[in-house]
Each structure stands twice: as structure tokens, then as C-alpha cells.
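Colleague: Please take me through the labels used for this model. I want the cut-off behind each one.

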Amino acid sequence: MSSREPLAVRADPPAVLEQPPMHLELRWRPLTPADASALFTLVRTVETVEGAPRRHSEAKVSELLVGDWKDLERDSLGGFDDSGTLRAYALVEVRPGDLRTVRAFLRGGVDPVWRGRGIGRAVLAWMEGRGRQKLAQSGKDLPGRLAVYVDEAARDQRRLYAAAGFSPVRWYTAMRRDLRAPLPRVDLPPELQIVGWTHALDDGVREAHNDAFIDHWGSEPHTPETWHRPEPHAAPAWSFVALDVSGDEPQVAGYLISGRYEHDWPLLGYSYGETELLGVRAPWRGRGLAPALLARAMHAYREDGIQYACLTVDTDNPSGAHELYRRLGFEATHGEVLYSVEL
């Protein structure tokens, strides 16, 4: 038995979770998948006014409202005005599979024309309360974390979370690389081969990802349920798997999964391929697999007429990935901050 006190005590969840007060002039109810279009309109409005460097597509927003592990009836909230227009929202998600820290991810927003009335504080209070409840109800005797990602330039949001007791604990840097510049050539030993991603390899890639990120701060294993969910911006033709073929059966040594976000291209003024996930399992590190995978992906992007390669890196990544990307010609464009409450 663990000597730590139970999570339910450490999380100190509210016994009853109340909706934001009625004097805020909005009617509150849980969201449903049928609200996807209204939620997209609100999210896009917030992103436009705040000048977000990247924007959510409608398909990506719709994805927020689906998933067998999600309970929208209890874990979501929408605030609607008298005309039925969605003006505020809140989502709380605890993913299955957390083994070291149980994480409650918070996501919320308020229409800019409805700000200054206390709605943001009320939405955050609801998310924090529901997050604490879900952590306590997980039944896992583990540390807990309330977590929210905020664009580094979103000063109002950062002040809101800081005032509520959330601390900035991790910084992430978005980077890009001009594909007109010469691309690196990386030679691998014959036992290591890079092949295109296929469905047949995907569960091996999931296991390799869980293994590669086992020592990374904040990373928790993906279950088949969370890994295999439909990804609206997946780019299989730009995704690759590194195999060790020296044994009787090939082993997944590393992988690079790409995304294609065409809706952002007009906003940014250039096309790009996004490296969503890149990992190399510990026994195969130090052999050039990461730069080889990046080079293969960048060649694929350029062959399809794409102008830039993009990715986001944890600045404290223990593998030294940030410096690797700099050496390969990637430059920082903007940042994101993870705010959290550790329980």
C-alpha cells in the first residue's frame, strides 16, 4: 500500500458543483455534439480577436465533443444568451491511461463582447471544481494536476489563471524551417530502415511512443482508445516509421507523425507540414534516427510543394530536441505556456 494520503483528500473536491450564477445573464447547460458548429463559431471568434497564431478548424473543434471516455453531461458547460447564441464554454477532460499523474485538462472561453462581467472567473471556477471532482473520482492513488494551455501572448488569459492560483510550469516553442534551404542528408546503418506509416504499423508506433516518452515530464501512456481516435488533420503520406530489421521480426525504433492544417495556410501566408509527434526509443538513440526522420518528412513536404516544416517542442525536453531542431535550421515563431495546479 502507498503511504500517500488518498487523492480524494489531496484534491479537496467540492461536494456539489454549482453552475455559474444566473446574474451573469446566460443560461447554462451541458454541451452536446450537436453544439459543435456553435462552439466552433465561438472558438474562432475568440482566436480572431486575440490574434491567435494558429486557429482551430471546425473538424478539430467537433473532435472536442466526441470520445467514449468523455462525459459531456457532467464535464462540459455552455452559456447561452437570450437569442440562443453560445457566449461561453467550459470543457474538462481526464484521459484514460494516466499512470504517474492523473491530469484534468481544462479548456474554456468567453465571447470578447461578453467579457468584463465576471463570466471568465465563473467559468474557470466551474472548470477547477469539476477538475478536482474528476481527479478524486479517478480512484487512483497518484498525484493530480489541473492543466491548461495558454498562448504565450494571451496576456488576459494568463492573468486570469495566475489570479486563480495556477502557475506557469512549462513552456513550449513553435518552430518553422524554410524548405527552400538545403535539406540535411542523414545516413543510417543498414539495419535501420525508414518506411512510410501504415495502419498495420500503428499499434507498434503507439507502444513505441509510450516507451519513448516514459521519461518526459507530463507525458502519460496512450491507450488504444485515445491513440486510434479519428484525427481530422492526419497526413499519412507525410508520416514515417523507423524499423530495426536486424532480428527475426522488425521492431519500431522511432516514428514521425505529421499533420496537414490547410485552413491555417491563408492566415499565415505560407503552407506548412506539421510534425505532430517525433520519438526514438531509448535503445536506438544516438544513431541519427531523429534527424533522419525529420529529413524524410521535410523531403515529403517539399515534394508536395509545401513551403515550411513546422513543429512544437518542450523547451525542457530531456532529449535535447530543442537544440537538435535549431541545428537543423528551425526558428522559433511563437510560444505556449502550460499553467497548472499540482494536487
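Predicted model: local features only at pLDDT ≥ 70, side-chain atom pairs only at ≥ 80, totals over all residues.

Modeller: Residues are numbered from 1 along each chain as its sequence is written, and side-chain values use heavy atoms, with hydrogens and water left out.

Colleague: What is the mean pLDDT of the chain?

Modeller: pLDDT is the predictor's confidence in each residue, from 0 to 100. The chain has a mean of 92, and 95% of its residues reach 70 or more. Over residues 1–10 the pLDDT is below 50.

Colleague: Why is T101 called buried?

Modeller: Buried means under 20% relative accessible area, exposed over 50%, partly exposed in between, using a 1.4 Å probe and protein chains only. T101 has 13%, so T101 is buried. T101 is found in the loop between β3 (86–94) and β4. Helices (H or I, at least four residues) and strands (E, at least two) are DSSP runs, numbered from the N terminus.

Colleague: Which residues does T101 touch?

Modeller: Contact means heavy atoms within 4.5 Å. Not counting residues up to four places away in sequence, T101 touches P143, G144, R145 and E220.

Colleague: And A290, buried or exposed?

Modeller: Its relative accessible area is 17%, so A290 is buried. A290 lies in helix α10. Leaving out residues up to four places away in sequence, A290 touches L278, V280 and L324.

Colleague: What makes a nonpolar core?

Modeller: The term is for a set of buried Ala, Val, Leu, Ile, Met, Phe, Trp, Tyr and Cys residues joined through side-chain atoms within 4.5 Å. The largest nonpolar core has 38 residues, of which L294, Y301, Y325 and F330 touch the most other members. Its largest share, nine residues, comes from α10. A second, separate core of 31 residues includes A104, L142, L146 and L343.

Colleague: How many residues line the second largest pocket?

Modeller: A pocket is an open set of points on a 1 Å grid over the protein atoms alone, where a 1.4 Å probe fits, with protein on both sides within 12 Å along at least five of seven lines; lining residues have an atom within 4 Å of a point. For the second largest pocket, 23 residues qualify, with V110, G120, R121, D156 and L160 nearest its centre. α5 gives the most to this lining, with eight residues.
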